[in-house]
Amino acid sequence: MIINNLNYEDVAFIHIPKTGGQSVFSALNSKNLNQHTYTEYANHDPLFVLEKENSLTKCFKFTVVRNPYHRAYSHYKHFNRVNDTNYTFLEFLNFIRQGKIFDKTPMMLYTQTFFCLNSSGDIGITRVYKHEKLHELEKELSVTLPHVNRSSYTEKHMAEEYCDEAKHMVLDLFNLDFKNFDYSTDFDA
């Protein structure tokens, strides 16, 4: 497969939760690229796990990341829906801070950076696409992304629930993601 004028034997999509991965998998399946991917939707395997079970030396390894403020809020809404609970956003963030595990949503504890680390502890992704610029992924992989599993909240509703304490907690909990994926720490940016 040729991507950005480079030839790769295989494609591996590292699916970070709450970044649009179901849409990416749907597009890959429609293009029959699924036979080249090493991950399955339900697994959310980080790169270092995939490396243990696969030879990824000539593989195009890609992922999608999302603004940590938006991803945390999306994860919160998903958390309440899947666990059939009605916790507040601050309670949810405190669960993450405490490392509290919920059987149906254990991945909420991990940063996006965690999923991108290779066996050496470095970010080993060939290409990181941003959720906010998915048109780049569509162009480079020659796919059209359907909008699967759309969130039901609005930007206005999210902004209303983001008090100063929540903003500071997200900055603290996901500081590596802000740094590693070049996201502004300014909430209004």
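The legends below walk through several close-up views of this predicted model.

**View 1. The whole chain, as a starting point.**
Before zooming in, here is the layout of the protein. Its secondary structure comes to nine helices and five strands. Read from the N terminus, the elements follow the order β-β-β-α-α-β-α-α-α-β-α-α-α-α. The protein has 189 residues, and 44% of them count as buried. Among contacts with a separation of 6 or more, 73% are between residues 24 or more positions apart.

Y69 belongs to helix α3 (residues 68-83), while Y162 sits in the loop between α7 (155-161) and α8 (164-173), so the pair ties together parts that are 93 residues apart in sequence. Are these two tyrosines buried or exposed? Y69 has a relative accessible area of 2%, so Y69 is buried. Y162 is buried as well, at 3% relative accessibility.

**View 2. Y162 and the residues it touches.**
Stay with Y162 for a moment and look at its surroundings. Leaving aside residues up to four places away in sequence, Y162 touches P68, Y69, A72, Y73, F89, K167, V170 and F187. Two of these names, F89 and V170, come back in the next view, where they are listed with Y162 among the residues with the most contacts inside the largest nonpolar core.

**View 3. The largest nonpolar core, and another one apart from it.**
How many residues make up the largest nonpolar core? There are 35 of them, and those with the most contacts inside the core are F89, F92, L93, Y162 and V170. Elements giving two or more residues to this core are β3 (10-14), α2 (47-53), β4 (59-65), α3, α4 (89-98), α5 (112-116) and α8. Another core lies apart from this one; it has 16 residues, including F62, V64, Y129 and L134.

**View 4. Salt bridges around R127.**
The structure holds two salt bridges. In one, the side chains of R127 and E136 meet at 3.3 Å, N to O. In the other, R127 meets E140 at 3.0 Å, N to O. Taken together, R127, E136 and E140 are linked in a network of salt bridges. E136 has 27% relative accessibility and counts as partly exposed.

**View 5. K130 over the ring of Y183.**
The charged end of K130 sits over the ring of Y183, at 4.2 Å from the ring centre.

How many disulfides does a search of the whole structure find? The search returns zero. As a reminder, a disulfide is a covalent bond between the sulfur atoms of two cysteines. For the cysteines shown here, the surroundings can still be described. C59 is buried, with a relative accessible area of 3%. C163 counts as partly exposed, at 31% relative accessibility.

**View 6. Positive phi at K18 and D84.**
Neither residue in this view is glycine, yet K18 has a positive phi, near 65°, and D84 has a positive phi near 50°. K18 is found in the loop between β3 and α1 (21-30), and D84 lies in the loop between α3 and α4. Which of the two is exposed, and which is buried? K18 has a relative accessible area of 16%, so K18 is buried. D84, in contrast, counts as exposed at 72% relative accessibility.

**View 7. Q98 and L109.**
With 58% relative accessibility, Q98 counts as exposed. Q98 and L109 are eleven residues apart in sequence, and their C-alpha atoms are 9.3 Å apart in space.

Definitions and conventions:
Residues numbered from 1 in each chain as written. Predicted model: local features only at pLDDT ≥ 70, side-chain atom pairs only at ≥ 80, totals over all residues. Heavy atoms only, no water. Helix = DSSP H or I, 4+ residues; strand = E, 2+ residues; numbered from the N terminus. Buried < 20%, exposed > 50% of the residue type's maximum accessible area, 1.4 Å probe, protein only. Lys NZ or Arg CZ within 6 Å of the ring centre and 35° of its normal. Core = buried A, V, L, I, M, F, W, Y, C linked by side-chain atoms within 4.5 Å. Contact = heavy atoms within 4.5 Å. Disulfide = S-S within 2.5 Å. Salt bridge = Lys/Arg side-chain N within 4 Å of Asp/Glu carboxyl O.
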